[in-house]
Amino acid sequence: MLKRKKTKYGAVILCLSVLLFVSCAHKSGHRRDRERPSTTMADRSERKSSRSVSRKSKIVNKRSNDKLEGSQIFERYGSAVFMVFTTDGSKAYQGSGFFIDNEGLAVSNYHVFKGTGIGLEQIKLVGSDEAYKVTVVIQKSEQEDFILFRVDCENTNYIPIATDKPKIGEKVYAIGSPRGLENTFSSGEVSQWRADNLMQISALIDHGSSGGALINEYGEVVGITSGSFADGSQANLNYAWSIDAVKPYIR
């Protein structure tokens, strides 16, 4: 059972009806009507980052010999993906994130947190009626649009990290919460690599999918779903950042 720092769930979802319409999906991030707060979640110092090493966390990289069906992947790892709610003090936003160890170590997109206030973020786990907080930001990159952080919970389900990048044409599965629709599952292929850590994918994602998990056929996370190259395109011109961008800060 998860150990948790309790917060009333009534405060979790910051105007959920608004969040369903103001969800993150684009690399540009969410827009703000007010000036950025002087202290923000994404700009929090990386002090205490050594905790990511000192904790007795469980990170598995060993690949299974057998490929998994999509239904098996969702059954195993659906609860490792969570919803993220943030606010800049003016508007509320919703994105996604996922765990990569059993001690609350998590990954999302930088733009999901950019410009939002420290302590105003809310993490909602599948099947939970509690609100969780981010305890420390370990590393972040606006250029490669990732943020590595810990959440105040443990014994979390998590997705093993892939050793290798997927090849063009390989099957991938996305789990996230587009438009606030919690833990939506979709599938597709790696369409192309556009940069060392930027892959084009045909798996369907939308606003709110930002920060979700992109998983290969072996049940390993290979990327962070981030947005679309052309908003509104019917050609599934979506993209995800490779989990390789995060790896140097995990070990």
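Where in the chain's secondary structure does Ala106 lie? Ala106 sits in strand S3, which spans residues 105–108; helices (H or I, at least four residues) and strands (E, at least two) are DSSP runs, numbered from the N terminus. The structure is a predicted model, in which local features need pLDDT of at least 70 and side-chain atom pairs count only at pLDDT 80 or more, while totals for chains, interfaces and linings use all residues. Residues are numbered from 1 along each chain as its sequence is written, and side-chain values use heavy atoms, with hydrogens and water left out.

First, the chain as a whole. The protein chain has four helices and twelve strands. Of its 251 residues, 54% count as buried, where buried means under 20% relative accessible area, exposed means over 50%, and partly exposed is in between (1.4 Å probe, protein chains only). The accessible surface of the chain comes to about 11,300 Å², and 48% of that belongs to carbon and sulfur atoms; such areas come from the Shrake-Rupley method with a 1.4 Å probe, and for residues only the protein chains shown count as cover. A contact here means heavy atoms within 4.5 Å. Among contacts between residues at least 6 apart in sequence, 72% join residues at least 24 apart.

Back to Ala106. This residue is buried, with a relative accessible area of 0%. Leaving aside neighbours within four places in sequence, Ala106 is in contact with Phe82, Phe98, Phe99, Ile147, Leu148, Phe149 and Val151. Ala106 and Ile138 are 32 residues apart in sequence, and their C-alpha atoms are 9.8 Å apart in space. Leu148, one of the contacts of Ala106, has its own list of partners: not counting residues up to four places away in sequence, Leu148 touches Ile100, Leu105, Ala106, Val107, Val137, Ile138, Gln139, Val246, Tyr249 and Ile250.

What about the nonpolar cores? In soluble globular proteins, nonpolar side chains tend to be buried together. A nonpolar core is taken as a set of buried Ala, Val, Leu, Ile, Met, Phe, Trp, Tyr and Cys residues joined through side-chain atoms within 4.5 Å. The largest one has 25 residues, and those with the most contacts inside it are Phe98, Ile100, Leu148, Ile159 and Val246. At least two residues of this core come from each of helix H3 (70–77), S3, strand S5 (134–141), strand S6 (146–151), strand S7 (171–176), strand S10 (212–216) and strand S11 (221–228). Domain 1 (80–151) and domain 2 (170–244) each give this core at least three residues, with domain bounds taken from an automatic or database domain assignment. Apart from this core lies another, of 16 residues, among them Phe82, Val112, Ile123 and Tyr158.

Gly70, Ile73 and Tyr77 are buried in H3. These three cover an arc of only 60° around the axis, which puts them on the same side of H3; the arc is that of the directions from the helix axis to the C-beta atoms. The face turned away from the buried side carries the exposed residues Ser71 and Glu75. What covers the buried residues of H3 includes strand S1 (81–87), S7, strand S8 (184–195) and S10.

Next come the aromatic rings. Rings of Phe, Tyr and Trp (its six-membered ring) pair if their centres lie within 6.5 Å, and planes under 30 degrees apart count as stacked, over 60 as edge-to-face and the rest as tilted. By this rule there are seven aromatic pairs. Phe82 and Phe99 make a tilted one, 4.8 Å centre to centre with 50° between the planes. Phe82 lies in strand S1 and Phe99 in strand S2 (residues 92–99), so the pair ties together parts that are 17 residues apart in sequence. Both of these residues are buried. The rings of Tyr173 and Phe185 have centres 5.5 Å apart and planes at 25°, so this pair is stacked. Tyr173 in strand S7 and Phe185 in strand S8 are twelve residues apart, and their pair links distant parts of the chain. Tyr173 is buried at 7% relative accessible area, whereas Phe185, at 32%, counts as partly exposed. Phe82, Phe99, Phe113 and Phe149 form one aromatic cluster.

Finally, the backbone. Asn155 has a positive phi of about 55° although it is not a glycine, and its place is in the loop between S6 and S7. Arg179, in the loop between S7 and S8, has a positive phi near 55°.
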